Amino acid sequence: MKNQTNLLRIGQGGRKSSAIFRQSLQYSAEFSGLDEEVQRYDLLLLVKRVGKHAGFSARMIALLDYYISFTRDCDWEEGSRPIIYQSLSKTALDMGVTERQIQKLEHALFECGALTWHDSGNHRRFGKRDEKTGRILYAYGVDLGPLAALKPSLEEKLQEKQLYDAAWMETKRQISWYRSQIRSISNELFEKGEEGVAQSTALSETYEPISMQIRTHMDLAKLRELLTAHKALYETALKFVEPHDKTKKSSPKSVQKFAVNKNTNNKQSDKSDLKMNEKDVCKRKQHLKAANKEPTLSERMISARLHEIKVKDLSAVLSERAMIYLSHSSQLTMQDFVDVAYKMKANLSISQNKWIEACEVLGREGAALSVLLTDFALDRSYSPVLKPAGYFSALIERARVGNLNLKASLEAILKQKMQQNVLQ
C-alpha cells in the first residue's frame, strides 16, 4: 500500500504533482511559437521591467537571462520547444553559486509561471540538436515554454507598475514643492526681527521629523502620509505670513509650535501689530502667487527656452576645467554635456540632493546647463561668482517660478566671447 501511495505522488520525472505543475505542463504542451513581432528577448525585457511587481528578484532575472541565452530563434517557433538541457552543475559553476541555489531559483521562477521542467526519468539534463537546422531533436531539462503564455499577464502588471510609479513620482514632486515653500516661509520669517526668528526656529524644529530623504524603498502609502504632514505644516506656517483677517488685533506668541498631522485650526495671527513697508507687501503678494500655482515642468522648460538651445553652442560655456570631461566624439550630443555637468558638480560644491532637486525643477538637460553656466560664471571678467553652490541654487529657484531664460544666458556668453575675439 505504501509503495502504491508513493507511485501516486510521482509526477513527470518524479516531481510532485500539483495544480501549478499541471498547468505549467499544459502551457508547455500548448506552446505554438511566438508571434512574428515578438522575440524571445522581448519577453526577458518585459520581465525585467516588471521585476519585483510580478515577484521576480534580481537573481531570478539573472538566471532567466542566462537560460534564454542558451535558446535559439528556432526554439521559439511552432513545432519546437525552448528547452535548456545544460547540466545543473555547469549552470551553478557559471553563475558562481551552488546547485541547491540554482534549484531554488528555478522553483521561484516556476512559482511565477516562467518555466517548467521536461524531465528524464533520473532528472539528468541532456539533449541533441540537428547539425543542419539547429533544431532540438530531443532534450530534457528546463522548459521556458510557459514564459510565452505569461506575456499578457506581464503586460498587465507592467501597466499597473507604471501607474504606481507615476503616482509615486507625482507624490514625491508635490512633497518637494511643499518643502521648498516651507523653507521659503522659514527664511521670510527669519528676516522679520526677533519674533520672526523665534517662529522660524520653531518651524524648523517641527519640520525636522518629516525632513527625511525620500528613497525608492518607501512605498506609496508612506509617501502619501509624508505629503499629508507637509501640507499640514505648510498650511499652518502660511498663516504667519499670509493672515486672512487683518481686522483682528491679536498678536502671535513669541514662540509658536506648528502642528503636523494634527488639528491645524490653530489661532491665527493677523500681524496687525507689525509694521509693514511696501517691500514686505510686495514680497507677500509674490509668495501668495507662488503658493497658488507652481509652473509645471514643461512650462519651466519652455520658459527657460531649452528647446531652442543647440548642441553646437554649448561648447562655448565650457571652461578649461570642464573640457577635460568632455567626450572626444566627433558628434556630440546633449547627453555628453549632461555627463560633463554631472562630473563637474562636485568641483562646484553642488550636492547630490541639490542636483536631484534641479532635475525635478528643470529636467536633466536644464540642470546640466545650469551647472555649466555656474562653472563659467567663476571666470567672468565682471563680478565673478565666489560661491558657486549658492549661485546654482539661485538659478534653480528662478527656474522654479519660471523666471530663468537659459537660452538668453547662453546667447550672452556667445556674444561676450565674440567681443573678446575681436579685441584679441
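A394 lies in helix α17, which spans residues 388-400; helices (H or I, at least four residues) and strands (E, at least two) are DSSP runs, numbered from the N terminus. The structure is a predicted model, in which local features need pLDDT of at least 70, side-chain atom pairs count only at pLDDT 80 or more, and totals for chains, interfaces and linings use all residues. Residues are numbered from 1 along each chain as its sequence is written, and side-chain values use heavy atoms, with hydrogens and water left out.

With a relative accessible area of 39%, A394 is partly exposed; buried means under 20% relative accessible area, exposed over 50%, and partly exposed in between (1.4 Å probe, protein chains only). A distance of 9.9 Å separates the C-alpha atoms of A394 and L404, which are ten residues apart along the chain. Helix α17 also holds I396, which is buried at a relative accessible area of 0%. Apart from its neighbours within four places in sequence, I396 is in contact (heavy atoms within 4.5 Å) with A358, V361 and S370. Between I396 and A367, 29 residues apart in sequence, the C-alpha to C-alpha distance is 8.0 Å.

The protein chain as a whole has 18 helices and four strands. Of its 424 residues, 42% are buried. Among contacts with a separation of 6 or more, 70% are between residues 24 or more positions apart.

Two packed helices are described by the angle between their axes and the distance between the axes. The axes of helix α15 (residues 334-344) and helix α16 (residues 352-377) come within 9 Å and cross at roughly 95 degrees. Axes here are lines fitted to C-alpha atoms, for helices over the stretch in contact, with angles from 0 to 180 degrees between N-to-C directions. Helix α15 is therefore roughly perpendicular to α16 (65 to 115 degrees; under 35 counts as roughly parallel, over 145 as roughly antiparallel and the rest as oblique). On the α15 side the contact is made by M334, Q335, F337, V338, V340, A341, Y342 and M344, and on the α16 side by Q352, W355, R364, E365, A368, V371, L372 and D375. These residues divide into eleven nonpolar, two polar and three charged, where Ala, Val, Leu, Ile, Met, Phe, Trp, Tyr, Cys and Pro count as nonpolar, Asp, Glu, Lys and Arg as charged, and the others, Gly among them, as polar.

The loop between α15 and α16 contains S349, a residue other than glycine with a positive phi near 60 degrees. S349 is exposed, at 56% relative accessibility. K345 lies over the face of Y342, 4.6 Å from the ring centre; a charge sits over a ring if NZ of Lys or CZ of Arg is within 6 Å of the ring centre and within 35 degrees of the ring normal.

Eleven aromatic pairs are found in a search of the whole structure. Rings of Phe, Tyr and Trp (its six-membered ring) pair if their centres lie within 6.5 Å, and planes under 30 degrees apart count as stacked, over 60 as edge-to-face and the rest as tilted. W177 and Y234 have ring centres 5.8 Å apart and planes at 65 degrees, so the pair is edge-to-face. This pair links distant parts of the chain, with W177 in helix α8 (residues 151-190) and Y234 in helix α10 (residues 220-238), 57 residues apart. W177 is buried at 10% relative accessible area, and Y234 is buried at 6%.
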